Amino acid sequence: MKFFKVVSYFSFIGLLFTLSCNKQSEGEKLAQTYCASCHLFPEPSLLDKTTWKNNVLPVMAQQLGLQIVNGEAYPDIQKGADGKFESVASITPEEWSKIVAFYEANAPEKLPAQNREPILGITDKFSVKPIAIPQSRFPSLTYIKIDSATQQIYAASDSMLSIFDKKTSTIFAQKVKETIVDIDFGNTLQKAGNRAGYFTNIGILNPNDLAKGSLHSFDFDGKNNFKNTGMLLENLTRPVQSIAVDLDKDGLIDQLVCGYGNKNGSLTWHKNLGNNKFQEQIIRPFPGAIKAYIDDVNKDGLPDIWVLFAQAQEGIFLFTNKGKNAEGMTQFDTKEILRFSPVHGSSFFELVDLNKDGHKDILYTSGDNADYTTPVLKPYHGVYGYLNDGKNNYKQAFFYPINGCFKALARDFDNDGDLDIATIAYFPDFMNQPKEGFVYLENKGKFAFSATSIKEVNAGNWLVMDAADLDADGDEDIVLGNFDRKKRGAINESKKDTAVLVLMNRLR
């Protein structure tokens with residue numbers, strides 16, 4: 001009998017301990033109330049204590065209307081329309097101090113290391129050829145594209161548009177006024193000949209909310225005559241991609257624009273009214289739209305939209321086209337496909353059938369470290385694969401950690417029937433793992449990958465990448481574009497820096 005009393009006593013004490021551990025602190029409740037009001041709740045484990053305290057939390061405080069002076073929080077007092085000075089803070093300094101205490105108490109001293117072996121091997125699957133752009137002040141590639149039909153490479157760098165052939169010789173170079181970050185060739189890439197379409201000018205490359213971006217049409221005869229044939233859209237907030245598509249099925253080509261912005265921005269479509277006039281319609285009024293695809297998901301004949309958002313409210317969203325409402329306006333239903341933390345650093349995704357089951361899966365990368373957490377290396381940066389259950393519900397199938405991963409492309413580079421992955425990292429671990437700058441993940445089956453790099457990986461800081469059959473020999477080649485942060489803003493006296501690396505597949 002005494003034995004059961006003792007057991008009951010300790011069980012009761014254990015229950016109290018469990019309840020006390022599970023009970024939310026006031027700081028955690030406040031954090032979930034205020035910090036999760038704008039984005040997914042950021043768990044303390046995502047960053048180390050120092051980064052939370054010195055870098056991220058002061059910025060969060062400002063978003064809530066507080067000012068931090070010598071480490072102390074004060075309400076931001078501003079003059080109202082009636083001439084009176086009032087606080088614009090949505091939280092008291094006392095409440096804020098409890099949020100800070102919660103993060104300081106629960107964040108790790110340092111983030112854990114990556115859970116993988118260092119990348120040491122060098123692949124022999126590619127022969128590597130460098131390309132310099134002599135007229136450029138320094139390597140600053142913002143766009144790169146392989147044109148398989150003409151066996152050419154398009155590259156935009158430092159207000160220079162260049163075209164190279166498969167032997168890396170320059171066949172065209174022309175100064176442009178705009179900073180080109182995307183080109184929509186439409187269906188003109190299907191066969192050799194003239195090229196026409198639209199290019200996106202980001203305006204000012206650095207983080208900003210100025211409406212300096214624009215969208216232009218162009219014609220190119222494939223030789224030496226590239227014409228900017230007109231500006232279709234202006235006053236865009238830091239656009240990074242545009243897609244020409246008839247979204248409302250009225251026979252006129254509209255424009256979908258990813259307005260990345262900074263603190264402001266939105267995903268918009270611009271209804272073509274005819275005579276080069278467009279009417280803006282906002283699909284999602286949040287910044288960070290970085291990559292979009294058009295796909296008729298439900299097979300109803302209407303173009304639907306997939307978009308990755310990479311600012312604060314990070315995630316992949318599906319916008320299903322519902323056609324016109326009673327007022328004649330095209331409407332979209334929004335479905336959240338995947339959601340990520342506001343410090344995840346989402347950078348790219350593509351829709352690709354990873355497991356060959358007939359459904360489009362998601363290949364996604366996180367690794368953008370150009371934020372308040374620079375230069376923290378994050379173990380959750382890398383390339384992810386999410387499989388589609390056939391109903392657009394996605395489950396993670398694999399994750400390969402790569403510091404600062406910026407883009408990944410799934411292709412059958414070795415022609416063995418499964419998809420391999422080529423990745424670039426703009427923010428790799430330069431000190432300990434510089435080979436993360438380019439990683440070739442050879443698929444060994446069941447999403448087990450063998451990771452190698454190239455000898456020339458340190459020739460640049462790779463921001464852009466494309467993969468296609470450049471030399472028409474039946475296998476996939478790769479091109480990398482260098483945006484050299486170290487030389488940014490400085491004149492390159494030697495003018496011999498590598499701007500592009502061409503990785504010719506040796507399979508054939």
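**Sheet β26 to β29**

I began with the strands in this predicted model. I looked up the sheet order and found β26-β27-β28-β29, 4 strands in an open sheet. The pairing is antiparallel. Next I asked which strands stand at the edges. They are β26, residues 405–411, and β29, residues 449–452. Each has a single partner strand, so one side of each is left without a neighbour in the sheet. I noted the twist too: it averages 20° from one strand to the next.

I then followed β26 to its partner. β26 pairs with β27, residues 420–425, in the antiparallel sense. I read 6 bridges for this pair. I also looked for the bridge partner of Leu409 in β27, and it is Ala422.

**Sheet β14 to β17**

I turned to another sheet. Here 4 strands run in the order β14-β15-β16-β17, and this sheet is open. Its pairing is antiparallel. At the edges I found β14 (239–245) and β17 (277–284). Both have a single partner strand, so one side of each lacks a neighbour in the sheet. The twist from one strand to the next averages 25°.

How many bridges join β14 and β15? I found 6, with the two strands paired in the antiparallel sense. β15 covers residues 254–259.

**Second largest pocket**

Which elements each supply at least two residues of its lining? I listed α3 (49–63), β2 (72–75) and α4 (93–106).

I wrote down the lining by residue number. It includes Lys53, Asn54, Leu57 and Pro58. Ile68, Gly71, Glu72 and Ala73 also line the pocket. Pro93, Trp96, Ser97 and Val100 complete the list. By class, the lining residues divide into 7 nonpolar, 3 polar and 2 charged.

**Helices α3 and α4**

Two of the lining elements are helices, α3 and α4, and I checked how they pack. The angle is about 155°. Their axes lie 10 Å apart. Angles over 145 degrees count as roughly antiparallel, so α3 is roughly antiparallel to α4. Last, I looked up the handedness of the crossing of α3 and α4: it is right-handed.

Notes: Residues are numbered from 1 along each chain as its sequence is written. This is a predicted model: local features need pLDDT of at least 70, side-chain atom pairs count only at pLDDT 80 or more; totals for chains, interfaces and linings use all residues. Side-chain values use heavy atoms; hydrogens and water are left out. Two strands pair if DSSP finds at least two bridges between them. Axes are lines fitted to C-alpha atoms, for helices over the stretch in contact, and angles run from 0 to 180 degrees between N-to-C directions. On a 1 Å grid over the protein atoms alone, a cavity is a set of points where a 1.4 Å probe fits but cannot get out, and a pocket is an open set with protein on both sides within 12 Å along at least five of seven lines; lining residues have an atom within 4 Å of a point. Ala, Val, Leu, Ile, Met, Phe, Trp, Tyr, Cys and Pro count as nonpolar, Asp, Glu, Lys and Arg as charged, and the others, Gly among them, as polar. Angles under 35 degrees count as roughly parallel, over 145 as roughly antiparallel, 65 to 115 as roughly perpendicular and the rest as oblique. A crossing is left-handed if the near helix is turned anticlockwise from the far one by less than a right angle, and right-handed if clockwise.
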